[in-house]
Amino acid sequence: MGRIGLAEVSNPSMVPTLWPGDRLLLRYGAPVRPGHVVVLRHPFQHDLLIVKRVVGRRDGGWWVRGDNRHASNDSREFGAVPHELVVARAALRLRPRPAGQRSPRSLARWALSAVRPLPRRLRAR
């Protein structure tokens, strides 16, 4: 098994799947296929990590898109992403606990929804 790590989502490009503040459990070196959510280096700013969904292979690498088409910077702007820029595949989404949740019922509800596998959903656009 490869290394694992955590990353925090900081913008709305993957809404409704991921929201700002969500954390991702990452698997470095895991195989990538269409439908997977990945963390990759931005093709024009290699020090910037972004989260996108893999749509498919194209000449030169992976075609990636954000789930939120109205707030996403993705392959429609920068083209296919070279394979070597994919850093890790996201395995789980971890939702942070909302401030002020103290009742046992609200904590139980949060606990049941906080950890979810990421759907391998393919969207036709």
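## Surface and charge

The protein chain exposes about 7500 Å², and carbon and sulfur atoms supply 54% of this area. Accessible areas follow the Shrake-Rupley method with a 1.4 Å probe, and for residues only the protein chains shown count as cover. The model is a predicted one, in which local features need pLDDT of at least 70 and side-chain atom pairs count only at pLDDT 80 or more, whereas totals for chains, interfaces and linings use all residues. Residues are numbered from 1 along each chain as its sequence is written, and side-chain values use heavy atoms, with hydrogens and water left out.

The protein chain carries 24 positive and 8 negative side chains; Lys and Arg count as positive and Asp and Glu as negative, while His and the chain ends are not counted. The centres of the two sets lie 12 Å apart, with each charge placed at NZ of Lys, CZ of Arg, CG of Asp or CD of Glu.

## Overall dimensions and packing

Along the principal axes, the C-alpha atoms of the protein chain fill a box of roughly 55 × 35 × 25 Å. The radius of gyration is 15 Å, which agrees with the value near 14 Å that a compact globule of 125 residues would have. This radius is taken over C-alpha atoms, and the globule rule is 2.2 Å times the number of residues to the power 0.38.

Of the 125 residues, 41% count as buried. Buried means under 20% relative accessible area, exposed over 50%, and partly exposed in between (1.4 Å probe, protein chains only). Among contacts (heavy atoms within 4.5 Å) with a separation of 6 or more, 50% are accounted for by residues 24 or more positions apart.

## Secondary structure

The protein chain has two helices and seven strands. From the N terminus on, the elements run β-β-β-β-β-α-β-α-β. Helices (H or I, at least four residues) and strands (E, at least two) are DSSP runs, numbered from the N terminus.

## Strand pairing around β6

Two strands pair if DSSP finds at least two bridges between them. Strand β2 (residues 23-28) runs antiparallel to strand β6 (residues 86-94), and six bridges join them; Arg 23 stands opposite Leu 94 in β6. Strand β7 (residues 115-117) also pairs with β6 in the antiparallel sense, over three bridges, and the partner of Leu 92 in β7 is Pro 117.

Strand β3 (residues 37-41) is antiparallel to β6 and is joined to that strand by three bridges. Leu 40 stands opposite Val 86 in β6, and Val 39 has Ala 88 of β6 as its bridge partner.

## Strand β3 and its other partner

Five bridges join β3 to strand β4 (residues 49-58), and these two strands run antiparallel. Val 38 stands opposite Lys 52 in β4. Strand β3 is mostly covered, as four of its five residues are buried.

Ser 75 lies in helix α1 (residues 75-78). Ser 75 counts as buried because its relative accessibility is 2%. Leaving aside neighbours within four places in sequence, Ser 75 is in contact with Trp 62, Trp 63, Val 64, Ala 80 and Val 81.

Ala 111 belongs to helix α2 (residues 104-114). Ala 111 has 45% relative accessibility and therefore counts as partly exposed. The C-alpha atoms of Ala 111 and Val 9 are separated by 19 Å, the two residues being 102 residues apart along the chain.
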